[in-house]
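Subject: Handover of a structure and findings

Dear colleague,

Please find below the structure that I am handing over to you. My findings follow it, and I would be grateful if you read them with the coordinates open.

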Amino acid sequence: MTEEKTLIKKIRATAAMREVMAAYFLELDDAARTGSAKVVWCTSVGPAELLRAFGFLVYFPENHGAMLGSSRMAAELIPAANAIGYSPDICSYLTSDVGSYLMKNTPLTKAYGIAGVPKPDLLVYNTNQCRDVQDWFAFYQREFDVPLVGIHTPRAVDEVTGEIVAGLVAQEKALLPTLEQVSGRRFDIDRLREVVASSYRCTMLWKKVLNAATHHPSPLTFFDGTIHMGPAVVLRGDERAERYYEVLIAELEERIAGGVSAVDGEAHRFYWEGMPVWGKLREHAELFAAHRACAVASTYCNSWIFDPLADEDPFVGMARAYTELFIVRSEKYKEHYFEEMVRNYAVDGIIFHNAKTCPNNSNCRYGMHRRLSARLGIPHVVIDGDLNDLRLYSEEQARTQFEALVEQLQERRSSQI
Amino acid sequence: MSADRALFCGVDVGASATKLVLLDASGNVASRVVLPTGVDFAATAAVCLDRALDEAQAPRARIANTVATGYGRRNVAFADAPLTEIHCHGIGCYHLFGRAITIVDIGGQDNKVIRLDKQGLRIDFTMNRKCAAGTGAFIEEIAHRLGVPLGEMDALARSASQTVRLSSFCTVFAKTEILTQLRLGAPVDGIVRGAFLAVLDRVLEMAPLVGEVVLSGGVAAHNPVIAEILAEKLGREVEVAPHPQFTGALGAALAAWRQSAP
C-alpha cells in the first residue's frame with residue numbers, strides 16, 4: 001500500500017508576492033537602522049491606516065508570530081518566554097515572539113537577510129482580537145522604553161451600535177497627539193482619507209480573491225489564502241498591496257476560465273474554522289489534496305475584509321471596520337455568519353481547529369459546532385491543536401479525525417445513490 | 001482461486017494491541033488473532049496474519065482483499081486500503097447489532113463515541129482530546145502505581161464495597177491524588193473501582209450517550225466491570241459488543257469483503 005500522490009498546485013503569483021513582502025521588510029529594516037522613517041508596531045487588525053497617514057512604517061508582530069510558526073522556529077523559542085513567566089497557556093504568537101526576542105533569533109534573517117526585527121519608535125495596539133496583544137506590546141514597551149498606546153474595543157458585540165462606534169472614534173482621536181509627537185508631523189485628514197481609500201481598495205481586492213473559491217471547482221484553497229493574505233495584512237493602505245492582488249486575481253480568473261482547480265478532482269469542500277496550524281500548513285494542504293478535499297472557506301482569511309472602510313468619515317470607517325469583524329462579535333452573530341458562509345461556498349463539512357492558546361479564534365468552545373451541524377445538517381470535526389505550539393498538536397489524531405470526516409461524507413453519498 | 005474460497009482480512013493496528021480478523025466468503029469469522037503491537041507495526045501485523053491463516057488452515061493466496069485500520073493502518077504492507085478506526089468500529093458494531101446505536105470504544109490510547117442511525121450511517125463522532133487520561137493507558141498507569149497486575153483490576157473493582165472518586169483530568173495528577181487517598185487509608189479495591197469510574201467520566205464529557213449504548217475496545221474486553229459501572233451511571237442497560245476488542249478489525253474485514261463484492 002502506498003500513500004496517495006501530492007496534488008498541490010503552485011500559484012505563479014507567489015513569486016510576485018515574495019518580492020512585495022521582501023521590499024516591505026527591507027524598507028522596515030533600513031528605516032530602523034538608519035532612522036530614515038519612524039517605525040511603529042501595530043496589531044494586525046488596526047489601526048494601521050491611521051499610522052500610515054503619519055508616514056510611519058508599520059510592523060506587525062502577529063505577522064512575525066505566523067512566520068515563527070510556519071518556519072517551526074516557535075517550538076525552540078516558546079520555552080524561553082515560558083521561563084521568564086509567560087505561561088504556555090497564553091497566546092503562542094506572544095510566547096514565540098517574545099522567545100524570538102530573548103533568543104535573538106528571527107525567521108527574517110533566513111528569509112530576507114535581516115539581522116533582527118525593526119526596533120520600534122512607538123507601539124500601538126487594538127484589543128479587538130484579544131487582551132493578550134496588550135500584554136505582548138507591554139513587554140516591548142518595557143524593553144524598548146517607547147510610548148505604548150492602544151484602543152480598547154468591546155468584545156462579544158451583538159450589534160455595532162452608534163454608541164460603540166462613537167466611543168471608538170474618540171479613542172482613535174485620542175491617539176493623535178502621541179502620533180503627532182512621535183512622528184513629528186501634524187495630522188492631515190486628507191492623507192488619512194487617501195490611506196483609508198487605498199486600504200479599502202486592497203481589502204475589496206482581497207475579498208475578490210477569496211470569493212473566487214465559491215467557484216466549483218475552487219481555484220484556491222484556504223492554505224493558499226494563508227500565504228497570499230500577507231500583503232493584505234502588512235501593506236493595506238499601501239498601493240503595492242493593490243497591485244499584487246490584481247496580479248493574483250488575474251491568475252485565479254485564468255484558472256476559473258480554464259477549469260483549473262486548486263485540488264485535482266475536487267470532491268469535498270470544507271470550511272476551516274479557526275487559526276491555521278502554521279507549522280503543519282504544508283502537511284495539511286497535502287492531506288486535503290490527497291483526499292480530493294478543498295478547504296474553500298475560512299473565518300481566518302476573511303478576517304481581513306473590511307467593507308466599512310468605505311464610510312465617508314475615515315475615523316468612523318476604521319472604528320466600524322475593526323469592530324464589525326467576526327472575532328469581535330457575539331455567538332449569535334457568528335452562528336449567522338457561519339450559515340451564510342456554508343451556503344455561499346457550498347461547504348460539505350466544517351473543520352473546527354480548537355487552538356489551545358487562542359480561545360478567541362476557537363469557536364467550538366460554547367457548543368456552536370454541535371448547534372451548527374444539527375441545524376445545517378452537515379458534519380464537523382474538532383481538531384485539537386495550536387497556531388504555533390506544536391507540543392499541543394497530535395498529527396495522528398488530526399489525520400484520523402480528518403479522514404473519518406471524509407469517510408463520513410463518502411458514506412453519505414454512497415447511501416444516496 | 002474460486003470466489004467461494006476467498007478470505008477477507010481486517011487488521012486493526014492499535015496503540016496497545018494489533019487485532020486481526022479473517023472472514024470467509026460468506027462473511028463469517030474464520031479466525032481472530034490479537035497481539036501486543038510493540039514497536040514494529042508492520043512485523044506485528046504480519047505475525048497476526050500468519051497466525052490467523054494457521055488457525056484457518058488457509059494459505060495466504062486465499063486472501064482476496066485486506067483493509068487496515070487503527071493508528072498503524074498505513075504501516076501494514078499487505079493491506080490493500082486503509083480506513084480509519086472510527087469508520088471500522090461503526091461498520092463492525094452495526095454488523096453485530098443492526099440498529100441505531102451509540103458506540104463507546106475505549107482503546108489503549110484513545111476513546112471514541114460514534115453515533116449510528118438505524119441504517120448504520122454515522123451521524124457524528126468524537127474522539128478524546130490529546131491526553132490519554134480516560135483511556136486504557138490510564139488504567140495501566142493506575143495498576144502500575146498500585147502494584148496490581150492488570151489482569152486483577154476487574155476482580156478488584158468488583159469486590160470493592162466503596163468507590164474512591166478520582167477527580168483529576170490528568171493521569172499524573174490522578175496518581176498524585178491516589179497517593180493522598182492511600183495516605184488517608186482508602187482501600188485499594190475502592191481506588192481501582194474509582195479509576196474505572198474516572199475513565200467513564202472522561203467518556204461522558206465527550207458527548208451525550210443517547211439511545212442504546214454499545215461498549216467496545218480492549219478495556220471492555222479485559223474489564224467487563226466497566227460496562228456495569230457505566231450502566232449504573234446511565235441508569236440503563238449497556239451492551240458489550242461480542243469480542244469487543246475486535247470490532248475495529250471486524251469492521252475492516254467487512255469493508256474488505258464489501259469492497260470485493262461483485
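A helix here is a DSSP run of H or I with at least four residues, and helices are numbered from the N terminus. Under that convention, Y322(A) belongs to helix α15 of chain A. Please note that the model is a predicted one, and that the values below are computed from it.

A residue is taken as buried if 20 or more other C-beta atoms lie within 10 Å of its own. Y322(A) has 25 C-beta neighbours inside 10 Å and therefore counts as buried. Apart from neighbours within four places in sequence, the residues in contact with Y322(A) are V45(A), G46(A), P47(A), N126(A), N128(A) and T153(A). Of these, N128(A) is 194 residues away from Y322(A) in sequence, yet their C-alpha atoms are 7.0 Å apart.

Helix α15, residues 314-324 of chain A, also packs with helix α9, residues 189-211 of chain A: their axes come within 10 Å and cross at roughly 40 degrees. The two helices are therefore oblique to each other. The crossing of α9(A) and α15(A) is left-handed. On the α9(A) side the contact is made by L192(A), R193(A) and V196(A), and on the α15(A) side by P314(A), G317(A) and M318(A). Sorted by class, the contact of α9(A) with α15(A) comprises four nonpolar residues, one polar and one charged.

Helix α9 and helix α12

The crossing of α9(A) with α12(A) is left-handed. From α9(A), the residues S198(A), R201(A), C202(A), L205(A), W206(A), K208(A) and V209(A) take part; they meet E239(A), A241(A), E242(A), Y245(A), E246(A), L248(A), I249(A) and L252(A) of α12(A). This contact of α9(A) with α12(A) contains nine nonpolar residues, one polar and five charged.

In the loop between α9 and α10 (222-228) of chain A one finds P217(A). The peptide bond leading from H216(A) to P217(A) is cis, with omega near -5 degrees.

A helix pair in chain B

In chain B, helix α3 (residues 136-146) and helix α6 (residues 188-206) pack at an angle of about 165 degrees, with their axes 10 Å apart. The angle makes α3(B) roughly antiparallel to α6(B). The crossing of α3(B) with α6(B) is right-handed. F138(B), I139(B), I142(B) and L146(B) of α3(B) make the contact with V188(B), I191(B), V192(B), A195(B) and V199(B) of α6(B). By class, the contact of α3(B) with α6(B) has nine nonpolar residues, no polar and no charged ones.

As for A253(B), its contacts beyond four places in sequence are with F8(B), C9(B), G10(B), V21(B), L22(B) and L23(B).

Between the two chains, 16 residues of chain A are in contact with 17 residues of chain B. Helix α18 (residues 395-416) of chain A gives the most to the chain A side, with eleven residues. That side of chain A divides into three nonpolar, seven polar and six charged residues.

Backbone points to check

Most residues other than glycine have a negative phi, and most peptide bonds are trans. Q57(B), a residue other than glycine, has a positive phi near 50 degrees. It lies in the loop between α1 (41-56) and β4 (63-69) of chain B, and with 8 C-beta neighbours inside 10 Å Q57(B) counts as exposed. H243(B) likewise has a positive phi, near 45 degrees. H243(B) sits in the loop between β10 (238-240) and α9 (247-259) of chain B, and its 18 C-beta neighbours inside 10 Å make H243(B) count as partly exposed.

With kind regards

Note on methods: Residues numbered from 1 in each chain as written. Chains lettered and ligands numbered in written order. Predicted model: local features only at pLDDT ≥ 70, side-chain atom pairs only at ≥ 80, totals over all residues. Axes fitted to C-alpha atoms, helices over the stretch in contact; angles between N-to-C directions. Parallel < 35°, antiparallel > 145°, perpendicular 65-115°, else oblique. Left-handed = near helix turned anticlockwise from the far one by under 90°. Contact = placed C-beta atoms within 7 Å. Nonpolar A, V, L, I, M, F, W, Y, C, P; charged D, E, K, R; others polar. Buried ≥ 20, exposed ≤ 12 C-beta atoms within 10 Å, placed from the backbone.
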